[in-house]
Amino acid sequence: MFTGLVEEKGAITAVEDLGDSVRLTIRGPLVTSDAGHGDSIAVNGCCLTVMTQDADTFGADVMKESLDKTSLGDLAVGDEVNLERATQAGARLGGHIVQGHVDGTGEIIDRTPSEHWEIVRIALPSELAKYLVDKGSITVDGTSLTVVEVVDAVDGHGPWFSVSLIPTTLADTTLGSKAPGDRVNLEVDILAKYVERLLGGSAAGQASACEQDSEGAAS
């Protein structure tokens with residue numbers, strides 16, 4: 001489990017094409033400092049399993065499921081990524097409950113800067129829009145954010161939502177450098193999906209992108 005509070009910006013140092021999967025090597029001195037084989041680290045909001053590590057980098061395999069449903073397949077050497085270690089029991093939960101199971105990708109529509117923050121609009125798949133509410137929670141590239149506004153599909157355009165990025169978020173995460181047209185990973189609030197399931201909806205049938213290690217232990 002994660003909280004969506006990004007601990008550091010890391011960088012991709014190597015991308016190895018394995019055919020039906022990709023192995024990423026990621027520099028992140030903080031999150032790697034106490035990492036071990038099999039530990040979970042969220043990379044742009046996608047829960048990955050540490051396969052190798054050294055003083056300041058770790059390697060993780062990205063399976064086809066994650067390549068299909070997240071933007072991790074777009075990453076190249078030098079790209080920055082948001083990193084967060086799994087939450088420890090007893091720690092303060094400053095964001096919201098995040099699983100690292102990416103539900104799909106959105107696209108930055110535009111950014112409106114103000115004196116001290118920016119409003120960012122993001123298009124999202126219609127099947128995810130139903131889980132968003134004004135002042136609710138959404139995870140964007142692993143960053144826990146509060147939804148400002150949700151607009152359903154109108155005039156032939158798909159649904160979108162907006163978030164307000166404070167200076168800390170702009171400086172400490174990759175969201176400060178995202179441009180219109182960039183893809184971002186989205187994870188909706190798990191509680192909304194549980195409610196849908198209890199009321200007879202279909203959330204239980206949706207797959208999500210979370211890696212497993214070679215022994216099958218969920219990360």
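This report covers a strand sheet, a cavity and a pocket in a predicted model.

## Basis

Local features in this predicted model need pLDDT of at least 70, and side-chain atom pairs count only at pLDDT 80 or more, while totals for chains, interfaces and linings use all residues. Residues are numbered from 1 along each chain as its sequence is written, and side-chain values use heavy atoms, with hydrogens and water left out.

## Sheet

Two strands pair if DSSP finds at least two bridges between them.

Strands β1 (residues 8-17) and β7 (residues 80-85) are joined in the antiparallel sense over 4 bridges. Glu8 has Leu83 of β7 as its bridge partner.

## Cavity

The structure has 1 cavity of 30 Å³ or more. On a 1 Å grid over the protein atoms alone, a cavity is a set of points where a 1.4 Å probe fits but cannot get out; lining residues have an atom within 4 Å of a point. Grid points are joined across faces, edges and corners, and a volume is the space filled by probe spheres set on the points.

The largest cavity holds about 40 Å³. Its lining includes Ile108, Arg111, Val120 and Lys178. β8 (104-113), β9 (118-123) and β12 (160-165) give two or more residues each to this lining.

## Pocket

The largest pocket (an open set with protein on both sides within 12 Å along at least five of seven lines) has a volume of about 360 Å³. Among its 17 lining residues, Glu7, Arg85, Ala86, Thr87 and Gln88 are the closest to its centre. At least two lining residues come from each of β3 (40-43) and β7.
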